[in-house]
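Biologist: Please show me the sequence and the model. I would like to ask some questions about how the chains are packed.

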Amino acid sequence: MDALIQLLANGALMGCIYALITLGLSLIFGVMNVVNFAHGDLVMLSMYIAFWMGSYLGFDASLTPLITFPLLFIVGIAFYYSLIDRTLRQKYVTQIAVTVGLMTFLRAIAQLAWKAQPRSLPYSLISGNFQIGSVTIMTSRLISALVSILVIVVVAIFLSKTWAGRAIRAVSDDFDASSLMGVNYKGTYALAFGLGSALTAIAGGMLMTFQQVDPTMGLRFGLLSWCVLALTGLGSISGLLISGIIVGCAEALAMGFWDPRARMLVVYMIFILVLWLRPRGVFGRK
Amino acid sequence: MKKFRFALLCLLVLLALVLPIFFRSNPYNLILLTTILLYGVLATAWNIIGGMGGQLDLAAGAYLGLGAFTTGTLLIRFNLTPWIGIFIGGLVAVLFAVLVGLPLFRFKVKEVWYALSSAALVEVLRIAFIMWEKVGGPVERYLPSYGSALYMRFGSYIPYYYIMLTLLLAALFINFWISRSKLGYYLIALGDDEDAAAVLGVGVRSSKLKALMIYAFIVGVTGGVYACLYGFIHPNFFSSPLSTEVAILGIVGGMGITYGPLIGAILLVSIRELLRANLGGQLESLYLVIYSTVLILIVLFRPRGITTLLQDGFNKLFSRWVRKNHAE
């Protein structure tokens with residue numbers, strides 16, 4: 001029983017970070033209907049930048065988002081204007097081809113710069129753990145989860161209260177109507193792509209406080225965030241947290257009770273089953 | 001024009017037949033040629049479901065791995081020659097395609113979600129085969145090397161080249177044949193607009209399933225040959241990079257054009273391997289950086305495929321030639 005609660009606690013905390021990663025993907029996919037295969041690799045990239053800043057500049061991993069957030073925002077906007085904008089009028093297959101090219105590019109850059117071996121940072125300001133009853137909680141995981149929830153709430157407020165946020169939602173609801181109402185769709189798309197990419201910087205920095213990073217991580221986070229998105233559907237931010245936690249718990253349970261190698265197997269099985277049975281997601285709008 | 005094309009085709013086939021003679025002294029070049037053909041077969045097979053049917057399938061690695069594992073396991077366990085094993089491998093791949101395709105098409109999983117679920121499938125199989133220690137497991141399983149042609153093991157790479165070439169010609173022929181058949185027209189229609197096609201009476205589900213089965217069979221058979229070529233089987237044969245690359249070759253080459261994916265494969269795989277050979281060593285991944293940049297540029301500036309560039313050039317050349325002949 002204790003083991004079960006322990007696993008669930010770990011899984012739920014991880015799930016909050018998954019929800020944060022998926023929020024970025026959901027912004028990009030929901031607003032401009034662009035399938036970004038490179039999203040997971042942006043997580044990997046920001047983890048590597050966090051590693052690099054930690055080991056050479058002495059930054060603490062949990063503080064790196066202060067720099068990587070604006071950096072990835074700019075990178076995202078650059079990607080939008082240089083690549084995505086040119087493919088908006090094309091078939092979705094072309095878009096996927098471009099983002100797959102981008103994915104290969106980012107992965108190759110990471111291998112070039114950091115070689116293929118896994119990297120991790122030796123310590124972090126928020127390391128350590130504490131006990132609640134019989135359950136051990138890692139401080140770094142707890143704080144990462146709290147930061148993720150906080151960021152998700154901030155983004156939700158941004159989307160509902162500010163002009164730019166409302167423009168993003170308007171474009172995703174009805175492209176034609178919103179552009180007739182004077183929303184600059186290019187600027188809005190760029191903003192959504194930049195914000196979606198920048199959110200991975202926060203997730204990457206927080207993940208780096210307790211995880212190691214290797215170049216194959218991109219594929220895992222990519223498919224994982226698509227799994228969470230498929231489970232949620234579009235347009236529900238609280239649903240995002242719930243499905244993130246479901247996926248995180250499923251992964252943790254598979255690791256604890258079945259086989260450590262089965263963690264992703266379970267996630268992908270959930271993904272495929274959800275696509276078959278509830279293609280619109282469980283929590284989303286139609 | 002038609003005669004001219006036929007002559008060109010015969011010339012190319014003849015060239016492909018004699019090519020290994022020039023390269024026989026260097027095994028690296030032979031492997032390179034065989035690899036290009038391998039990707040050519042996979043991309044040509046992909047053209048059926050992806051190019052004509054418009055279903056972005058990213059599961060080539062799944063069918064390839066199933067074919068390889070079936071062939072390999074039958075050889076290791078039951079001493080069955082791969083000459084039969086590869087076809088059983090193809091059938092296993094077809095069976096799997098049916099198991100996956102029925103619910104996928106029944107529940108109308110399409111476009112992005114089809115692409116993603118097929119991508120997830122490859123990883124599911126890879127992990128499942130790593131965990132299934134009786135057949136897979138994390139260590140390579142070497143095929144017994146009887147060293148005889150009866151078990152598809154040869155002293156040189158030349159026979160593999162010809163086996164791949166045969167597969168390629170078969171794949172091209174099937175592709176050509178389908179593109180002229182009712183199934184082909186159905187696929188092109190539903191690839192363009194699924195709902196419109198369904199309204200006009202196209203059996204969307206059955207056409208997609210047929211395309212998927214043919215694709216899976218060709219890739220499964222190729223997987224069996226792949227296992228013999230490398231002499232071992234390993235769960236990493238269920239490879240995501242390979243699966244996405246096959247689709248990319250098809251897109252870059254020109255979707256729906258019979259020989260488009262083949263041209264994509266010849267161009268891109270040789271670019272990649274040349275870069276790898278010349279830049280390898282210290283800067284391991286530099287070739288991938290350049291390769292992916294080339295790829296992005298082609299897709300951005302020729303979204304309908306690089307083959308259209310060749311077609312335009314060919315047509316221009318041909319019309320000039322006709323004009324000249326008329327003038328004389």
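Predicted model: local features only at pLDDT ≥ 70, side-chain atom pairs only at ≥ 80, totals over all residues.

Modeller: Residues are numbered from 1 along each chain as written, with chains lettered from A and ligands numbered from 1 in written order.

Biologist: Which helix gives the largest share of the side of chain A that touches chain B?

Modeller: Contact here requires C-beta atoms, placed from the backbone, within 7 Å. By that rule, 34 residues of chain A are in contact with 38 residues of chain B. Helices are DSSP runs of H or I with at least four residues, numbered from the N terminus. The largest share, 15 residues, comes from α4(A).

Biologist: Are α6(B) and α9(B) roughly parallel or roughly antiparallel?

Modeller: Helix α6 (residues 158-179) and helix α9 (residues 204-230) of chain B pack at an angle of about 175°, with axes 11 Å apart. Axes are lines fitted to C-alpha atoms over the stretch in contact, and angles run from 0 to 180 degrees between N-to-C directions. Because angles over 145 degrees count as such, α6(B) and α9(B) are roughly antiparallel.

Biologist: How many residues does the largest nonpolar core have?

Modeller: A nonpolar core joins buried Ala, Val, Leu, Ile, Met, Phe, Trp, Tyr and Cys residues through C-beta atoms within 7 Å. Buried means that 20 or more other C-beta atoms lie within 10 Å of the residue's own, placed from the backbone. Helix α1 (residues 2-32) of chain A gives the most to this core, with 16 residues. The largest nonpolar core has 207 residues.

How values were computed
Buried ≥ 20, exposed ≤ 12 C-beta atoms within 10 Å, placed from the backbone. Helix = DSSP H or I, 4+ residues; strand = E, 2+ residues; numbered from the N terminus. Parallel < 35°, antiparallel > 145°, perpendicular 65-115°, else oblique. Contact = placed C-beta atoms within 7 Å.
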